[in-house]
Amino acid sequence: MVNKIIYNKKTELIHKKTELIHKKTELIHMLKNSKGPVSGEHLCQLFHISRVAVWKNIQSLIKMGYTIKATHAGYTLIENKNLLLPWEFPGQEDNIFHYRESSSTMDIARKLAFKGYPEGTTIISETQNRGHGRNRRIWDSKSGGLYFSVIFYPEISAAYIFLYVLAASISLVRTIRAAASLPAAIKWPNDILVDNKKVAGVLIETSGEASYPTFFILGIGVNIHNKVRTAIPGAAALIDLAHQPIFRSSFFIMFQKNFNSILAEIYNPSLLTLYKKLSCTIGKNVHIKYQQRKILHGKAVDISRTGDLIIIDKNGKKHHAFFGDCIHA
Ligand code: BTN
């Protein structure tokens with residue numbers, strides 16, 4: 001009985017939240033698509049709410065980052081392509097969860113995956129106070145960047161999960177090249193560099209059996225407008241390298257488009273060829289370090305289908321690196 005009451009309360013809350021999202025979505029679309037100011041009266045009639053409620057809704061949108069001009073003729077929305085709120089991505093409003101602040105989008109995504117949220121559920125956070133990268137390294141997540149995680153329920157063995165890193169890396173390179181006109185490249189295994197500076201990173205965390213994960217979370221961080229800590233040598237924000245404006249929501253939309261088209265042919269062997277073409281590691285002398293220890297040194301010559309970096313050492317011996325940090329010598 002008690003469980004049923006709690007369950008009903010929860011369902012009620014979820015419905016209320018969905019309703020609120022739909023109302024905001026409609027309001028934003030209304031303001032966006034209008035050629036001139038939209039009068040408060042018109043909004044009252046459209047949404048069957050009072051003048052005060054209209055005003056409150058407008059104030060809450062302003063709080064979320066929108067610029068809305070109020071004149072005697074009504075409300076005018078000033079376009080802002082940097083906002084990452086769910087209703088900025090029509091058709092995905094129920095699939096995108098936006099947070100002003102979180103510990104890490106990876107943590108939220110994992111919780112939602114355990115609750116059974118569908119594949120593709122995406123968590124975006126404006127800032128993270130425990131953002132992390134590979135080997136639990138801190139991912140500096142100040143406002144202005146793009147930080148998000150996506151849930152997947154793959155039907156492949158863990159060995160091939162690298163294909164998703166590959167898909168995300170290619171998509172990031174394509175997006176950076178198109179949205180910022182910068183010569184992005186992939187540093188094995190998951191770093192995206194521009195002029196030798198890290199501008200984005202890809203992270204995958206799995207859950208379930210080691211060889212057949214029940215789900216995995218793909219996490220992506222892109223330094224766009226955020227201040228990059230000077231303590232992180234070799235990192236940069238796209239805006240500091242580009243000679244043009246970069247808009248976060250356009251960037252995200254472009255990334256999704258690139259990523260979905262690659263996912264549609266994830267098993268196509270030509271993707272690995274493309275990944276290698278975009279790699280700035282192949283052909284370089286590299287050190288592979290694991291927990292500060294140098295474990296391999298040689299020339300990077302290839303990448304295998306499961307993502308190992310193939311290295312030839314000074315004696316001509318072939319090695320496979322499948323974890324660790326890669327340092328270009
Ligand atoms: C790396 O370079 O090692 C990967 C960095 C991945 C950072 C992103 S930001 C969004 C998501 N949340 C996190 O805590 N990490 C990933």
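Helices and strands here are DSSP runs, numbered from the N terminus. The model shown is predicted.

**View 1. Three domains make up the protein chain.** Domain 1 covers residues 2-78. Domain 2 takes in 86-275. Domain 3 spans 285-328. Between the C-alpha centres of domain 2 and domain 3 the distance is 24 Å.

**View 2. Domain 2 meets domain 3.** On the domain 2 side, 13 residues are in contact with domain 3. Domain 3 answers with 15 residues. Together the two domains bury about 1,300 Å². Carbon and sulfur atoms account for 58% of that area. Three residues of domain 2 stand out: Lys187, Trp188 and Leu272. They supply 49% of the area that domain 2 buries against domain 3, more than any other three residues.

**View 3. Charged and polar pairs cross the interface of domain 2 and domain 3.** The rule finds 2 salt bridges here. It also finds 5 residue pairs in polar contact across this interface. Which helices each supply at least two residues of the side of domain 2 that touches domain 3? They are helix H5 (162-180) and helix H8 (270-277). Sorted by class, this side of domain 2 holds 9 nonpolar residues, 1 polar residue and 3 charged residues.

**View 4. Aspartate 325 pairs with arginine 134.** Their side chains form a salt bridge. The N to O distance is 3.7 Å.

**View 5. Arginine 174 sits in helix H5.** Is arginine 174 buried or partly exposed? Its relative accessible area is 37%, so arginine 174 counts as partly exposed. Leaving out residues up to four places away in sequence, arginine 174 touches Asn258, Ile262 and Leu274. Lysine 227 lies 53 residues from arginine 174 in sequence. In space, the two are 23 Å apart, C-alpha to C-alpha.

View 6. Why does asparagine 226 count as buried? Buried means under 20% relative accessible area, and asparagine 226 has 2%, so it is buried. The side chain of asparagine 226 makes a polar contact with the side chain of asparagine 223, at 3.0 Å. Other partners come from beyond four places in sequence. Asparagine 226 is in contact there with Lys142, Ser143, Gly144, Gly145, Tyr147 and Ala237.

Definitions and conventions
Residues numbered from 1 in each chain as written. Predicted model: local features only at pLDDT ≥ 70, side-chain atom pairs only at ≥ 80, totals over all residues. Heavy atoms only, no water. Domains from an automatic or database assignment. Contact = heavy atoms within 4.5 Å. Buried area = accessible area lost by both parts, 1.4 Å probe. Salt bridge = Lys/Arg side-chain N within 4 Å of Asp/Glu carboxyl O. Polar contact = N/O pair within 3.5 Å; in protein donor to acceptor, adjacent residues only side chain to side chain. Helix = DSSP H or I, 4+ residues; strand = E, 2+ residues; numbered from the N terminus. Nonpolar A, V, L, I, M, F, W, Y, C, P; charged D, E, K, R; others polar. Buried < 20%, exposed > 50% of the residue type's maximum accessible area, 1.4 Å probe, protein only.
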